[in-house]
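Trainee: I'd like to learn how to read a model like this one, feature by feature. Can we go through it together?

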Amino acid sequence: MMRHPLRLAAALLMCVLPLAACGSSNEAQQVFQEATASPTARQLGEGTFATADNADRTDADSTAEVTALMLHSWDTASDRTETAAAIRAQSLMSPDWSVHQVEPDRNAAGAPWLTAAQHESYSAPTIVPVHGDVNQDVAPDKAIRAYTVEWTWNTRDGATIHEMDRRQVTLYLEERDGQWEVVGHQSRHMGDAQQVDGR
């Protein structure tokens, strides 16, 4: 059954007005806002994504780990391309590197992204440090950290997506004024040499 939004809003307003007489106008406004809140509003990644606030900027490892997770945290219900995740991580990057995070005109993510988007899925990434000498402190204020990143897709409609993807991401960090920041990153799909982002 179709409902007219204006009529519905008017009806809700009529229910709220008597409340204003009994309580404060703030209480009435809160009831109205809750009643008219969009039922389709969603939290990015259902609240599971790492954010820049999770990083201890005085620690290179913490800054790198959170950045690696954020770069692979996508919500196909709102993200148009993979670069949307990098844009959310800009506050962990140097000003020079953050300006390079620009969404392309077309999504190059391919079939896995399209499958995930059909179910309004969001990624669930995990990271493991890469073994070997790639992880190193180049200088007291410079560091390189590399991780193997794997992610699956959580769907919002109960479907199951079996695909798991894997990349290796390398981050270049520098410390300025006691705060670590990413000054470059690059990633490649495991098993090939495709570069997703370049330094």
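Trainee: How many helices and strands does the secondary structure of the chain come to?

Mentor: First, a word on the source: this is a predicted model, local features need pLDDT of at least 70, side-chain atom pairs count only at pLDDT 80 or more, and totals for chains, interfaces and linings use all residues. Residues are numbered from 1 along each chain as its sequence is written, and side-chain values use heavy atoms, with hydrogens and water left out. Helices (H or I, at least four residues) and strands (E, at least two) are DSSP runs, numbered from the N terminus. Here there are six helices and five strands, in the order α-α-α-α-α-α-β-β-β-β-β along the sequence.

Trainee: What is the mean pLDDT of the chain?

Mentor: pLDDT is the predictor's confidence in each residue, from 0 to 100. The chain has a mean of 82, with 75% of its residues at 70 or more. Watch residues 1-25, where pLDDT stays under 50, and residues 31-40, where pLDDT also stays under 50.

Trainee: Which residues touch the most other members of the largest nonpolar core?

Mentor: In soluble globular proteins, nonpolar side chains tend to be buried together. A nonpolar core is a set of buried Ala, Val, Leu, Ile, Met, Phe, Trp, Tyr and Cys residues joined through side-chain atoms within 4.5 Å; buried means under 20% relative accessible area, exposed over 50%, partly exposed in between (1.4 Å probe, protein chains only). The largest core has 29 residues, and Met70, Tyr147, Trp153, Val169 and Leu171 touch the most other members. Helix H3 (60-71) gives the most to this core, with six residues.

Trainee: What is Met70 in contact with, leaving aside its neighbours within four places in sequence?

Mentor: Contact means heavy atoms within 4.5 Å. The partners of Met70 include Ala50, Ala85, Ala89 and Leu92. Ala89 sits in the loop between helix H4 (83-88) and helix H5 (95-98), and counts as buried because its relative accessibility is 0%.

Trainee: How many aromatic pairs are there?

Mentor: Rings of Phe, Tyr and Trp (its six-membered ring) pair if their centres lie within 6.5 Å; planes under 30 degrees apart count as stacked, over 60 as edge-to-face and the rest as tilted. That gives five pairs. Trp74 and Trp113 have ring centres 6.2 Å apart and planes at 65°, so this pair is edge-to-face.

Trainee: Is Trp74 buried or exposed?

Mentor: Trp74 is buried, at 1% relative accessible area, and Trp113 counts as buried at 5%. Trp74, Trp113, Trp151 and Trp153 form one aromatic cluster.
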